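Biologist: Could you walk me through this fold, and say how the terms are defined as we go?

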Amino acid sequence: MTTEIYHNPRCSKSRQTLQLLEEQGVEPEIVEYLKTPPDSKTLETILDMLGLEPRELMRRKEPEYKQNQLDNPELSRKQLIEAMVAHPKLIERPIVIKNGKAAIGRPPEKVLEIL
């Protein structure tokens, strides 16, 4: 089964997680999600695998979060997911997926739980 990493090469945690996977002998499929963001269905699946709600996967300190008023409690799950699709910078990283399970590499060792 393929292992995927939603990766941002400019992020130190993302680079550390990728290195950790490689040290474990895992050659993941690298998805540079800022260049090729996941669609809403994929993001919904990732959220379900992580057991998280959209805001829990959002980087709330990014300017896009405030600019788009994503802290508004009236926003639906679908609206929050669409915001992440439109602004992939909001998606917490890195996310590793394997065998229908997902983990966020914060800290990087967290991904070892799904390997």
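Modeller: Helices (H or I, at least four residues) and strands (E, at least two) are DSSP runs, numbered from the N terminus. This is a predicted model, in which local features need pLDDT of at least 70 and side-chain atom pairs count only at pLDDT 80 or more, while totals for chains, interfaces and linings use all residues. Residues are numbered from 1 along each chain as its sequence is written, and side-chain values use heavy atoms, with hydrogens and water left out.

Biologist: Where is Arg-59 found?

Modeller: Arg-59 sits in the loop between α2 and α3 (63-67).

Biologist: Is Arg-59 buried or exposed?

Modeller: Arg-59 is buried, at a relative accessible area of 18%; buried means under 20%, exposed over 50%, and partly exposed in between (1.4 Å probe, protein chains only).

Biologist: Which side chain does the Arg-59 side chain join in a polar contact?

Modeller: That of Glu-92, at 2.9 Å, where a polar contact is a pair of N or O atoms within 3.5 Å; within protein, one must be able to donate a hydrogen and the other to accept it, and residues adjacent in sequence count only if both atoms are side-chain atoms.

Biologist: Switching topic, what is the strand order in the sheet?

Modeller: The open sheet has 4 strands in the order β2-β1-β3-β4, with mixed pairing, and two strands pair if DSSP finds at least two bridges between them. β2 (29-32) and β4 (101-104) stand at the edges with a single partner strand each, so one side of each lacks a neighbour in the sheet.

Biologist: And how many bridges join β3 to β4?

Modeller: Strand β3 (residues 95-98) is joined to β4 by 4 bridges, and the two run antiparallel, with Ile-95 opposite Ile-104 in β4.
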